[in-house]
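Trainee: I have a model open and want to learn how to read its features. Where do we begin?

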Amino acid sequence: MTGTAKIDSDRKRKKASIYTAEKEIPKDKKTKMSSSNRHGSSGVEVRASHILIKHEGSRRKASWKDPEGRVIKNTTRESAVSQIKLLRDDIVSGKVQFEDVAARYSDCSSAKRGGDLGPFGRGQMQKPFEEATFALKVGEISDIVDTDSGVHIIKRTK
C-alpha cells in the first residue's frame with residue numbers, strides 16, 4: 001500500500017468510527033458540556049464565600065475540625081443559629097473579617113480558603129443556598145440560610 005492510499009484508508013476508517021459514535025450516542029447525551037450546562041441554565045455565574053455551622057440535623061455529621069462528628073452530633077440547630085448570628089454580628093460591625101471567621105469557625109472544607117467556594121451557576125448548590133446567593137449584591141452578606149448541610153451565612157464576592 002502506498003503512503004497516500006494508507007492515509008486515505010485511515011481517513012475512511014476514522015470517518016466511519018466518528019459516524020458510528022455519533023449514531024450510537026444521541027446529541028443530548030454527549031459528554032462535552034455546553035456553556036449553559038456549566039454555568040446553569042441562564043449562563044450566569046456568581047462567586048461566594050460562606051461560613052457553615054453544622055448541627056445534629058445536618059446530613060453529614062463530620063467536618064474538617066470535627067472528623068468524628070462528636071461536637072456536631074451534640075449541637076442543636078438553635079445553638080448553631082445562635083453561634084452563626086454572633087459571628088455575623090461581629091463581621092457586619094467590622095470587628096472581624098469574614099474570611100478570618102470562616103477560616104476559624106466554618107465546618108466546610110472551604111474554611112482553608114477563607115470560605116471561598118469559587119464560581120458556580122444555577123443548579124450547582126442546594127436550592128436555598130443558590131437562591132440566597134443570587135439574591136445578594138456583590139459584597140453583601142446574607143441573613144442565616146438553612147440547608148441540609150447546616151446553617152450558613154454567605155458573602156457574595158462576584
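This is a predicted model: local features need pLDDT of at least 70, side-chain atom pairs count only at pLDDT 80 or more; totals for chains, interfaces and linings use all residues.

Trainee: Which residue in β2 is the bridge partner of Arg-47?

Mentor: Pro-119 is the partner of Arg-47. Now take β4. β1 and β4 also run antiparallel, joined by six bridges. There, Leu-52 stands opposite His-152 of β4.

Trainee: How do I read side chains along a strand?

Mentor: In a regular strand they alternate between the two faces of the sheet. Then check burial. In β1, seven of the nine residues are buried, so count it as mostly covered.

Trainee: What about a helix? Which residues of α5 are buried?

Mentor: The general idea comes from the turn. An α-helix has 3.6 residues a turn, so residues three or four places apart point the same way. In α5 (residues 98-105), the buried ones are Phe-98, Val-101 and Ala-102. Viewed down the axis of α5, they fall within an arc of 100°, so they line one face of the helix.

Trainee: Which exposed residues sit on the face turned away?

Mentor: Asp-100 and Arg-104. The buried residues of α5 pack against β1 (45-53), α4 (77-92) and β4 (150-156).

Trainee: And pockets?

Mentor: Rolling a probe the size of a water molecule over the atoms shows where empty space is left. Here the largest pocket holds about 300 Å³ of space. It is lined by 18 residues, with His-50, Leu-52, Arg-59, Cys-108 and Ser-149 closest to its centre.

Trainee: How many lining residues are nonpolar, polar and charged?

Mentor: Seven nonpolar, seven polar and four charged.

Terms used. Residues are numbered from 1 along each chain as its sequence is written. Side-chain values use heavy atoms; hydrogens and water are left out. Buried means under 20% relative accessible area, exposed over 50%, partly exposed in between (1.4 Å probe, protein chains only). Helices (H or I, at least four residues) and strands (E, at least two) are DSSP runs, numbered from the N terminus. The arc is that of the directions from the helix axis to the C-beta atoms. Contact means heavy atoms within 4.5 Å. On a 1 Å grid over the protein atoms alone, a cavity is a set of points where a 1.4 Å probe fits but cannot get out, and a pocket is an open set with protein on both sides within 12 Å along at least five of seven lines; lining residues have an atom within 4 Å of a point. Grid points are joined across faces, edges and corners, and a volume is the space filled by probe spheres set on the points. Ala, Val, Leu, Ile, Met, Phe, Trp, Tyr, Cys and Pro count as nonpolar, Asp, Glu, Lys and Arg as charged, and the others, Gly among them, as polar. Two strands pair if DSSP finds at least two bridges between them.
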